[in-house]
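Reader: I'm new to this one, could you walk me through it?
Author: Gladly; have a look at it first, and then ask whatever comes to mind.

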Amino acid sequence: MFEREYGRYCCCLFSHLCSLGLHLFFYRCGLERLFAFPSRALRFTAAGIILLGICYLRGEQIIKKSLVKRSAVSGIVLLFVDMAVVMLAQRYLTSSLVAIIASSTALWILLLDVPMWCTNFRNPLTIMGGLIGFGGVVMLYAEQLNVRWLHLYSERGILLLIFGCISWALGTLYAKYRSSREEKVNAFAGSAWQMLFASGMFWLCAVINGDVREADLREVSVTSWLSLLYLVSFGSLLAYSAYVWLLKVRPAAEVGTHAYVNPFIAVLLGVFLGNEQVTFIQVSGLLVILLGVMLISRKRKAQ
């Protein structure tokens, strides 16, 4: 009972304090002087090393071939691919729209979680909720054809972002059914290795892209360093570790519903602090997506 209640509490804390909306805002407003690939590489390198050190001091078996191998897959698919795609999508979309579309991640987890199909789709309300949620995403996509103030290639950004959502869903399911089986419930070495492998990929991209050669740390503002510190501590050490831990004790579809909190925060930050424009169709699409999740959650509580 305690584990279940504590899991719900961590999920709520993760959703509100460390949402994608805040992450996008800090990257856009605070890390403007840090190149995209190096900033993410620094973030996950620092967080991975710190967490791995904590795990070692706790007496965990941090070097285990099967754990490291499966954590590499999880880290690359769950963290690197998704965040790299989000980074590219932000070239064409506002942070508000990125967070709104990313809220469909929970629906992808629901659809791709094959072992839980019998449970998730046992009631028509769940199927209806999934269809309604995707209807909201379709509304957001169709809007791009008519809105003039959006980027010329905004459709490209949306397609990239959908690919990133699928990657995050697949990585989440792999972490739940593969990686998490290699360690105890309250162990976090797997999370540390996932962040380290993701950081390795970001460092590789930074070298290939020339960001490492061109970066000048003397020009990085204090705000940027503070933003990076926030993302290392709250975004990685607390939020991501809590996410992976919750996958061990709760259904993946339930843990994935944190994505539906992100758009509210992202839209508010984008409008009031980032001077971004939000259309009526975007807000309507968001409400449709939330309606779909409410149906899914109602069914889950009824069980």
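Author: What follows is a short talk about helices, cores and cysteines in this predicted model.

Reader: Let's start with α4; how far apart are its end C-alpha atoms?
Author: They are 35 Å apart, which agrees with the 36 Å that the 25 residues of helix α4, residues 65–89, should span at 1.5 Å a residue.

Reader: And where does α4 bend?
Author: The bend in α4 is at Ile76 and comes to about 30°. Helix α12, residues 222–249, bends by about 30° at Gly235, and the 28 residues of α12 reach 39 Å from first C-alpha to last, close to the 40 Å expected.

Reader: Which residues touch the most other members in the largest nonpolar core?
Author: Those are Leu79, Phe80, Met195, Phe202 and Tyr240, in a core of 47 residues. The elements that give two or more residues to this core include α3, α9, α10 and α12, while the largest share, 10 residues, comes from α4.

Reader: What is Phe80 in contact with, leaving aside its neighbours within four places in sequence?
Author: Phe80 is then in contact with Gly75, Ala198, Met201, Phe202 and Cys205. There is also a second, separate core of 9 residues, and among them are Val86, Leu93, Ile158 and Leu161.

Reader: Switching to cysteines, how many disulfides are there?
Author: The structure holds 0 disulfides.

Reader: Is Cys118 buried or exposed, and why?
Author: Cys118 counts as exposed because its relative accessibility is 69%, whereas Cys165, at 2% relative accessibility, counts as buried.

Terms used: Residues numbered from 1 in each chain as written. Predicted model: local features only at pLDDT ≥ 70, side-chain atom pairs only at ≥ 80, totals over all residues. Heavy atoms only, no water. Helix = DSSP H or I, 4+ residues; strand = E, 2+ residues; numbered from the N terminus. Expected span 1.5 Å × (residues − 1). Bend = angle between axes of the 7 residues up to and from the residue. Disulfide = S-S within 2.5 Å. Buried < 20%, exposed > 50% of the residue type's maximum accessible area, 1.4 Å probe, protein only. Core = buried A, V, L, I, M, F, W, Y, C linked by side-chain atoms within 4.5 Å. Contact = heavy atoms within 4.5 Å.
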